[in-house]
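Have a look at the picture, then read on.

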Amino acid sequence: MDANLRRKLDELPAEPGCYLMKDRAGEVVYVGKASSLRSRVRSYFDPGRGDQRAFVALLDDLLGDLEVIVTRSEKEAVLLENELIKKHRPRFNVRLRDDKDFIVLKLDERHPYPRLEVRRAREKRQPGARYFGPYSSASSIRETLRMVNRHFQLRTCSDHVFDHRKRPCILYQIHRCPAPCVYEVPAEEYRQSVEDAVEFLEGREGELVERLRGRMAGAAEGLRFEEAARLRDQLQAVERSLEKQRVLMSDRGDRDVIGLYREGPDLVVQVLSMRAGKLEDAQAHPFREQEFPAEEILSSFLSLYYEHTDAPDEILVPLEPVQAEALADVLSERRGRRVRLLTPQRGAKADLLDVARRNAEQGFRAWHEHDERREQALASLAKALHLARPPRWMECYDISTFQGALAVGSGVSMKDGEPDKANYRRYKVKAVAGQDDFAMLHEVITRRLRRALGEGQLPDLIVIDGGKGQLNAALAAAKDLGVPTRPSPGNPDAPFVELVGLAKSRLVDGPALGTARVVARRGRRAEARLADAAEAAEKGFVSELARSPERVFLPGRKDPVVLRQNSAELFLLARLRDEAHRFAITFHRKLRRERNFQSVLEEIPGIGEGRKRALLRHFGALRRVREATPEEIAQVEGFGPRQAAAVHAFFHRPDAPPVAADAPPGAPDAAPAGGPADASPEAVVAATEAEIDAALADEDASPEPAA
């Protein structure tokens, strides 16, 4: 330890606060809190303690600097630690998953006919709305929504659709919704369904069962047999959900039970959520490289976890977290009611902790087995493609264009076999005119590698969606920028990036016709051609058409590599490629929709960019703007009677631009007639979104030109 760091340790104050440990590069690697900074921080370096914890041995080589922040109380230290962890994201602190992993159900009771909506747990909560959850997975929230919508018949359409629908949807036909958007449904009757759903979501099934039984009996006595049958179905659904629950505690209290299991620096924290004495949810949170004591990790976890999740009355923990009293005070203030942190040693609550610990251990085993399979897949992929190293950071790039117009590129990222959406990128092709996929790909890869050189970080592997031609275009971009695509023989530590091309499978005639000819286009036409050929050869026809395998093209190699079908390494590449294709198509669709909508609006006098955006947000399609009355247009933000009248008159003049009357919501509206031959790149092709996307898929399915 250098003299400067030793001097800082000697001058530490004996006051509450937070400490930030930094490595020799100045990056914060750990944030902690203490009731006495002097005692806590110096305990890490006291040779007399004989501390055998793994992280202590690392500090001498790792630690480069130390910074402390003094607070007025332990409670302030808890709050400050939470903010510092979110700001610096130290690698040795626990970091919860992104807020996308925590979802809740929202019920806006200000609407006369409210509906349940899925929302992020960290979104700002609106007054007048009720929230249920959070739910640990999308599957659990879908199951809950399915049951509520089926048996309590709340509407599912958005407010915009609710206000503009003219006929009921299919949910009305199958008796899943009373269609208040179209018919006069009494608000009191709908409110009764809302209250029943709320009781179900809040876990008050006992009260709900008694009410449903009473209402069912009343409907039967009044000879309203259809209503009685509907109530019977609701009652049976609620009773089935009660059978699935196991009552673990007789006091029917609300509590969370925390389990913790660790092996070395890796650990899993398990949260069992119990409401009204029943186990409602279980969430496992795995963490890596957590060298610091379990008491500190648990304290940080609880502070972060309950920042956007309502804390229950009791939280059972396996060991006392650091500054437990201050943490309990912070959680109580957030909730508005008292929250207790308990560490029971015997009795029923101690048994619950044992259940949580065993669940955490099971989650740890499953997590590590998944990691082992992923490591094996990465190693197998590196071996099959003759890569210099396992591709822990992979990216894939795809080009999407329609008849040379609105060319866009997409780049998706995967780290350690999982999508890394923070590194997803979209590119508008700027320097290429016409249909030249190779030049477009060259531009996109050039821009990506130039950014990588500026950041000083290169991915391990870049996958190009295409064959030899696309791969050679990407290799040319790397060569132009001087980016190595193989490790340097004399300098193995020099950065480099490897590139491969992944070509999709193709329809083939198969052995029945004695040839392996690849069909140029896929779809119904290709299937019909194969059917005709098979019938002519009197071989019969199999609708399950034969396909060529996925092929991987490598630099400097003539023949492609064919990975084993259904192998883990092929699944990784195909998943990455399909995600890049989806991302490109989504971006392309968005640009088409904006262009189709705004190209016509630009012709309306007095409508600027702000009003165009307001119309787009409010109506969403040209067809709806044309169908709107002046009074409806005047309700749009920034529009008055004069502007509304101008828009209405523009769409109803004799030479008004055609708008597809039967276009589905969100589809591009019709443009001036004319085929591709007489349409400029800016012209809009009169086609639905599905037809354009099918054409894009066909373009991707065409054979690659020779390199």
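Is Gln323 buried or exposed? Gln323 counts as buried, because its relative accessibility is 9%. Here, buried means under 20% relative accessible area, exposed means over 50%, and partly exposed is in between (1.4 Å probe, protein chains only).

Before going further, a word on the source: this is a predicted model, where local features need pLDDT of at least 70, side-chain atom pairs count only at pLDDT 80 or more, and totals for chains, interfaces and linings use all residues. Residues are numbered from 1 along each chain as its sequence is written, and side-chain values use heavy atoms, with hydrogens and water left out.

You'll find Asp416 in the loop between strand S13 (405–415) and strand S14 (418–419). With a relative accessible area of 31%, Asp416 is partly exposed.

**A well-covered strand**

Now look at strand S1 (residues 17–23), where 7 of its 7 residues are buried. Both faces are covered: Gly17, Tyr19, Met21 and Asp23 are buried on one side, and Cys18, Leu20 and Lys22 on the other. S1 has neighbours to pair with (two strands pair if DSSP finds at least two bridges between them). It runs antiparallel to strand S3 (residues 63–70), with 7 bridges, and Cys18 has Ile69 as its bridge partner there. S1 is also joined to strand S2 (residues 28–34) by 6 bridges, again antiparallel, with Lys22 opposite Val28. S1 and S2 make a hairpin with 4 residues between them, and Gly26 in the turn has a positive phi of about 90 degrees.

**Charges that pair up**

Side chains of opposite charge can pair when their charged atoms come close. A salt bridge here is a side-chain nitrogen of Lys or Arg within 4 Å of a carboxyl oxygen of Asp or Glu. The whole structure has 40 of them, including these:

| Pair | N to O distance |
|---|---|
| Glu307 and Lys86 | 2.6 Å |
| Lys349 and Glu314 | 3.1 Å |
| Glu579 and Arg582 | 2.8 Å |

Why does the Glu307 and Lys86 pair tie together parts 221 residues apart in sequence? Glu307 lies in the loop between helix H11 (294–305) and S10, while Lys86 is in helix H4 (residues 74–88), so the pair ties those parts together. Glu307 is partly exposed at 23% relative accessibility, and Lys86 is partly exposed at 36%.

For the Lys349 and Glu314 salt bridge, the partners are 35 residues apart, with Lys349 in helix H13 (residues 348–384) and Glu314 in strand S10. Lys349 is partly exposed at 21%, whereas Glu314 is buried at 6%.

Glu579 and Arg582 are separated by about one helical turn, because they are 3 residues apart in helix H17 (residues 568–601). Arg582 is partly exposed, at 39%. Elsewhere, salt bridges with shared partners join Glu263, Asp354, Arg357, Arg358, Glu361 and Arg365 into one network.
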